[in-house]
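Please keep the sequence and the coordinates in view while reading.

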Amino acid sequence: MTDPFAEALHSDRPNPDLAEKLKLYGRFIGAWTFDATRILEDGTRLTGRGEVHFGWVLEGRAVQDVWILPARDAGPSPSLGPWTFYGTTLRVYDPAADTWHIFWSDPRNQYYSRQQGRAEGETIVQIGADGTGASVRWSFSRITGNSFRWLGERSHDGGSTWRMEVEFLARRATPA
C-alpha cells in the first residue's frame with residue numbers, strides 16, 4: 001500500500017536545476033546515529049544517544065530531516081533527564097539570496113526556530129532566533145562522508161557572545 005502524502009512529499013533525488021547548490025545539505029541524505037551532550041547553565045551535562053534521518057522533499061528542492069532523542073531503540077535513558085525531542089527541520093535553498101531558509105519544529109517541546117544557513121569555509125553555520133526571541137547559532141563541522149559534529153549555541157546579548165548548549169557527534173548508520 002502506498003501513502004499518497006509520503007509520495008507527494010518525498011523525492012528520490014535533488015532537483016537537477018539546483019543540484020550543485022543542494023549538495024551543502026544533500027551530503028547528509030540517509031540515516032545517522034549521534035551521541036548527544038547538553039550542557040545546562042549550571043554545568044550539568046545530560047547525555048544520550050539519538051538518531052537523525054535526512055531526505056529529499058518537495059520535488060527535490062529541499063532537504064528535510066527528523067531528529068529523535070533518545071533513539072527509538074535506546075530504551076529508557078535516565079542520563080537525559082527531561083531532555084528529549086522528536087522534531088523536524090525543513091531546509092530550503094533560496095537561489096535569489098544564495099542562502100538556505102531553515103525551519104525547526106519540535107511539537108513535543110513546543111520549541112521552534114527559524115534561521116538562515118550557509119557555508120563558512122568547511123563549516124555550515126545557521127544563524128537565527130528561537131520562539132523566545134533568543135539568538136541561536138547551529139553549525140555542522142568536522143564533516144566527512146560518514147560523520148559530522150553539530151553544535152547548538154545561544155546568545156543572550158545579540159550575538160556578541162555565545163554559549164555552547166548542545167553537541168551531537170553523528171555517524172552514518174550505514175557507512176557510505
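Gly 121 takes a positive phi near 65 degrees in the hairpin of β7 and β8, which has two residues between the strands. This is a predicted model: local features need pLDDT of at least 70, side-chain atom pairs count only at pLDDT 80 or more, and totals for chains, interfaces and linings use all residues. Residues are numbered from 1 along each chain as its sequence is written, and side-chain values use heavy atoms, with hydrogens and water left out.

**Strands and hairpins**

- Strands (E, at least two residues) and helices (H or I, at least four) are DSSP runs, numbered from the N terminus.
- Two strands pair if DSSP finds at least two bridges between them.
- Strand β7 (residues 111–120) and strand β8 (residues 123–130) pair in the antiparallel sense over eight bridges.
- In that pairing, Gln 115 stands opposite Gly 128 in β8.
- β7 also pairs with β6, in the antiparallel sense and over seven bridges.
- Here Trp 100 stands opposite Gly 117 in β7.
- The hairpin of β6 and β7 has four residues between the strands, and Gln 110 takes a positive phi near 55 degrees in this hairpin.

**His 101**

- His 101 is found in strand β6 (residues 99–106).
- His 101 has a relative accessible area of 17% and is therefore buried (buried is under 20% relative accessible area, exposed over 50%, partly exposed in between; 1.4 Å probe, protein chains only).
- The side chain of His 101 makes a polar contact with the side chain of Asp 94 (3.0 Å).
- A polar contact is a pair of N or O atoms within 3.5 Å; within protein, one must be able to donate a hydrogen and the other to accept it, and residues adjacent in sequence count only if both atoms are side-chain atoms.
- Not counting residues up to four places away in sequence, His 101 touches residues including Leu 90, Val 92 and Arg 114 (contact means heavy atoms within 4.5 Å).

**Arg 154**

- Arg 154 is found in strand β10 (residues 147–155).
- At a relative accessible area of 14%, Arg 154 is buried.
- The side chain of Arg 154 makes a polar contact with the side chain of Glu 165 (3.1 Å).
- Not counting residues up to four places away in sequence, Arg 154 touches Tyr 111, Trp 162 and Arg 163, among others.

**Salt bridges**

- A salt bridge is a side-chain nitrogen of Lys or Arg within 4 Å of a carboxyl oxygen of Asp or Glu.
- The count comes to 12 salt bridges by this rule.
- One of them joins Arg 171 and Asp 35 (3.3 Å, N to O).
- That pair links distant parts of the chain, with Arg 171 in strand β11 (residues 163–172) and Asp 35 in strand β2 (residues 30–39), 136 residues apart.
- Arg 171 is partly exposed at 32% relative accessibility, and Asp 35 is partly exposed at 38%.
- Glu 51 and Arg 72 also meet in a salt bridge (2.8 Å, N to O).
- Glu 51 lies in strand β3 (residues 45–57) and Arg 72 in the loop between β4 (62–69) and β5 (85–94), 21 residues apart.
- Glu 51 is buried at 8% relative accessibility, whereas Arg 72 is exposed at 57%.
- A further salt bridge joins Glu 167 and Arg 149 (2.6 Å, N to O).
- Glu 167 lies in strand β11 and Arg 149 in strand β10, so this pair ties together parts that are 18 residues apart in sequence.
- Glu 167 is buried at 17% relative accessibility, and Arg 149 is buried at 16%.
- Salt bridges that share partners join Asp 130, Arg 154, Arg 163 and Glu 165 into one network.
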